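Please look over the structure below before reading on. The briefing then takes up a few of its features by topic.

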Amino acid sequence: MKELLVLTIILIMPLAMAANLEVQKIDKGSVVIAEIKNPAVFDFIITNNGAKDNFEIYSLVGVSFSPKGTFPLDTGQKKMEVKAYLNDLLEKNRGFVNFEYQIKGQNSGIFKDTLTVKIVELKDTFTISGDNIRVDDLNSIISIRNVQNTNLEDVNVKFKSVFFEHEEKISLAPFEEDNITIKIDKEKTKNLAAGSYVVIAEVEVEGKKEKFENVINYLEEENVVSEEKKSGFIVRHSTITKTNEGNVPVEVEIKINKNIITRLISSYSQEPHNIARNGLIIENAWTKKISPGESFSIKSTTNYTFPFILMILVVIIVLFA
């Protein structure tokens with residue numbers, strides 16, 4: 001009976017032995033996004049102070065590990081990447097979760113330790129921002145940032161605003177920010193007033209989508225372009241156009257000067273708002289407030305037909321005289 005008790009103790013002792021291991025854990029992305037079930041990733045630096053053995057990493061609380069199955073550990077130090085996959089029950093939690101894992105050797109016993117991961121939702125994973133835009137800018141810089149300690153690959157992002165629409169695929173390391181250059185659609189902005197405008201980013205990760213918003217400032221800038229077109233010889237036409245190519249409403253003024261003779265034979269597309277005389281010159285002025293993208297035109301017509309005929313008659317009379 002005594003010998004049987006000793007034999008039983010000898011058989012049970014290896015099961016109760018602790019593996020002679022030391023484990024240093026390096027966090028490579030310990031945040032789990034609940035919707036996409038990504039693993040928490042660590043580098044384990046394992047020091048085996050015992051004999052060479054085959055080991056297995058596992059947990060008794062609903063966490064599976066990669067590498068799966070057994071792996072050999074010689075005496076000394078080894079670095080390996082370990083991924084922890086949480087089950088559905090654990091992923092219902094939010095915030096930090098601490099759990100126990102074990103490394104079991106076939107002959108060396110069991111090493112026990114704990115891991116801490118953080119569980120968040122996709123809506124808490126990204127932020128976006130954009131630089132101010134000026135009237136002459138051809139491109140806009142939009143920044144998207146991964147604000148969590150997790151690796152995100154093949155992230156599809158669609159940007160949409162009054163300035164542009166853009167889509168591309170990116171990858172982001174923990175806390176990484178990607179600055180994306182997007183071409184501005186000038187057709188969309190030519191009538192756009194200065195102000196603050198919303199930019200929306202629709203982010204898709206492994207089939208799960210979430211929208212993020214921020215504001216872009218379209219800076220105030222005045223820019224009025226003048227153009228004059230002339231045609232005709234005896235009947236002369238002149239059109240002066242002022243276009244607001246800025247992004248704020250502006251009051252423009254068009255002036256047309258005539259002498260006391262040409263004033264009598266000139267007409268305009270609309271009556272002048274102001275008429276002033278300066279010696280022999282008559283100044284005609286028009287003013288109007290125009291919005292971004294709008295134009296204001298005044299057309300003047302000077303008909304030299306009557307003076308031309310009169311001049312011919314004078315020549316004929318002189319010749320006859």
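Which residue in E14 does Ile141 stand opposite? Ile141 stands opposite Thr181 in E14, where a strand is a DSSP run of E with at least two residues, numbered from the N terminus. This is a predicted model, in which local features need pLDDT of at least 70 and side-chain atom pairs count only at pLDDT 80 or more, while totals for chains, interfaces and linings use all residues. Residues are numbered from 1 along each chain as its sequence is written, and side-chain values use heavy atoms, with hydrogens and water left out.

**Sheet**
- An open sheet is formed by 3 strands in the order E10-E11-E14, with antiparallel pairing, two strands being paired if DSSP finds at least two bridges between them.
- Its edge strands, each pairing on one side only, are E10 (126–130) and E14 (177–183).
- Strand E11, which covers residues 139–146, pairs with E14 over 7 bridges.

**Salt bridges**
- There are 12 salt bridges in the structure, each defined as a side-chain nitrogen of Lys or Arg within 4 Å of a carboxyl oxygen of Asp or Glu.
- One of them joins Lys25 to Asp113, with the closest N and O atoms 2.7 Å apart; because Lys25 lies in strand E1 and Asp113 in strand E9, the pair ties together parts that are 88 residues apart in sequence.
- Lys25 is partly exposed at 33% relative accessibility, whereas Asp113 is buried at 18% (buried means under 20% relative accessible area, exposed over 50%, and partly exposed in between, with a 1.4 Å probe and protein chains only).
- A network of salt bridges links Lys28, Asp43, Lys79 and Glu81.

How values were computed. Helix = DSSP H or I, 4+ residues; strand = E, 2+ residues; numbered from the N terminus.
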